[in-house]
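Subject: Structure handover

Dear colleague,

Here is the structure for your files. Please look through it first; my notes come after it.

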Amino acid sequence: MKKLDNLLLGVAFCFLIACSNKQKEIYVNSCAFPEGASVEEKIRLSAHVVPSARQLEWQQMEFTGFICYGVNTFTDVEWGTGKEDPAIFNPTELDAGQWVRTAKEAGMKMILLTCKHHDGFCLWPSAYTDFSVAATPWKEGKGDLVRDVAEACKEQGVKFAVYLSPWDQNHPDYGTERYNDFFVDQLTELLTQYGPVAEVWFDGACGEGPNGKKQVYDFKRYYDVIRRLQPQAVIAVMGPDVRWVGTESGYGRDTEWSTLPVTATSLSDIAESSQQEAGSGTFLPVGNMMEDDLGSRKLLADAKGVIWYPSEVDVSIRPGWYYHASEDTLVKSPQKLIDIYYSSIGKNSLLLLNLPPDKRGLIHENDVSSLMNMQRILRKTFEKNLIAGAGVSSGNINRLVDGQLDTYWQGSPGKNVLEISFDGDQVFDRLLLQENITEGQRIEQFVLECLVGDSWIPVTEGTTIGYKRILRFDPVRCSKARIVVRESRDVPQISEIGFYKASGEEAMTE
């Protein structure tokens, strides 16, 4: 699946929010730097930009599922042509409940369904095209797979999300302004007929339609429709709320900022941009979104402002995004999935894992087995936080293990060291940290040290933390450990901390 650079919709705004009877400097979603601001002031302001309510709720899901299903499943290809006979779509045992149940048992909090891929085939009986499940033998043309999945999600307490491809190789109006009307009509169907939608996912692919033309997508109009009909939904990855990490490997950056420096750009400038820079808004990220460095101090120096623009890591459990019987033996192992988990969720990103159902309409047994074993092994690793019963150098340890972002340890100028005293010697090889991102992402560099004898020995180190960071290292035994924050954009705030010993079934592949 093709994804392109993403831009922000909306005007930056900065204000103070009253909290706990005192003023806290909070800039929700974005902040424009004052004219002539120094680099030091830009760095400080960037530390106070926070996610919107919808972005925070999205981030806290951590792990979500992608379902790619359609005519491609039955033609055994990755990308269709829009010329398929819809009669080929005829699953014999389709069970949306099994899809959602599998995802939920694996720890996923949301299902994202490909309601329409680039071929234009719709998994719901759209009133605006004949190229849909209504023209298939499945359920005698009376089926609605979008409804089946949405209802299964509701029944099992999993959030529901929709993928709607702007590229449509079937529709005759593609490449004309009439197609934008058609797309809005279909988007409206999805956002009004199936209950709450937690995320709308736009692929940036833009190829030719049946008339040989390419479309100029009216993203601003699409975004306006979503904000009006499903205001709680985040818009990804061709959208203002969530960005694509830049690869489909499942691996994020070692240094992942959710706060990105931006350069102010007018609406007209954006409208004139190439399709590879398509979008609509008043801010463009500084630099190339595919680069390793998206948020450094160096980039802040040249920026006009900062936006909260978190990373989503997408990957398929198989080599392809759609089911192919030839890949039944190529399903990622539990150990590979665990490595991906640490390299995405463990690196300040949300993981979107694709689970392509087969021609029966079921997630294949091999996929289910790998997922369940992944979850079983991770559960064993994280079942016991060794910090329980420990002492902390400043304040109550309970605030660091209560699962709440807004209860935290806070450093102070010259004293950014969080010391932990365990209940006797402990052996661990995993460190979990979370920042209080409700007041901003701040930490730039930290090190874990353990007291061995009379000396503090460095064990591992990291750069950004953000919503969540998990570090892996060789097992160490000690009774005292400390987190030393070496560099931070403002006073650091650590909201959660965990020390764990990995299950013996984990594979150390870093």
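This is a predicted model: local features need pLDDT of at least 70, side-chain atom pairs count only at pLDDT 80 or more; totals for chains, interfaces and linings use all residues.

Residues are numbered from 1 along each chain as its sequence is written, and side-chain values use heavy atoms, with hydrogens and water left out.

Whole chain. There are eleven helices and 22 strands; these are DSSP runs numbered from the N terminus (helices H or I, at least four residues; strands E, at least two). Of the 510 residues, 60% are buried (buried is under 20% relative accessible area, exposed over 50%, partly exposed in between; 1.4 Å probe, protein chains only). Among contacts (heavy atoms within 4.5 Å) with a separation of 6 or more, 77% are between residues 24 or more positions apart.

Backbone. Most residues other than glycine have a negative phi, and most peptide bonds are trans. Glu62 has a positive phi of about 70°. This residue sits in the loop between helix H2 (53–61) and strand S5 (63–67) and, at 15% relative accessibility, counts as buried. Asp76 also has a positive phi, near 65°. Its loop runs between helix H3 (71–75) and helix H4 (96–105), and its 43% relative accessibility makes Asp76 partly exposed. The peptide bond from Ala236 to Val237 is cis, with omega near -20°; Val237 belongs to strand S9 (residues 234–237).

Helices H4 and H5. The axes of H4 and helix H5 (residues 145–156) come within 8 Å and cross at roughly 45°. Axes here are lines fitted to C-alpha atoms, for helices over the stretch in contact, with angles from 0 to 180 degrees between N-to-C directions. H4 is therefore oblique to H5 (under 35 degrees is roughly parallel, over 145 roughly antiparallel, 65 to 115 roughly perpendicular, the rest oblique). On the H4 side the contact includes Trp99, Val100 and Arg101, and on the H5 side Val149, Ala152 and Cys153.

Helix H10. Nine of the eleven residues of H10 (residues 334–344) are buried, so the helix is largely enclosed by the rest of the structure. Among the buried ones are Leu337, Ile338, Tyr341 and Tyr342. Their cover includes strand S14 (311–316), strand S15 (349–354), helix H11 (365–381), strand S18 (417–435) and strand S21 (469–488).

Regards
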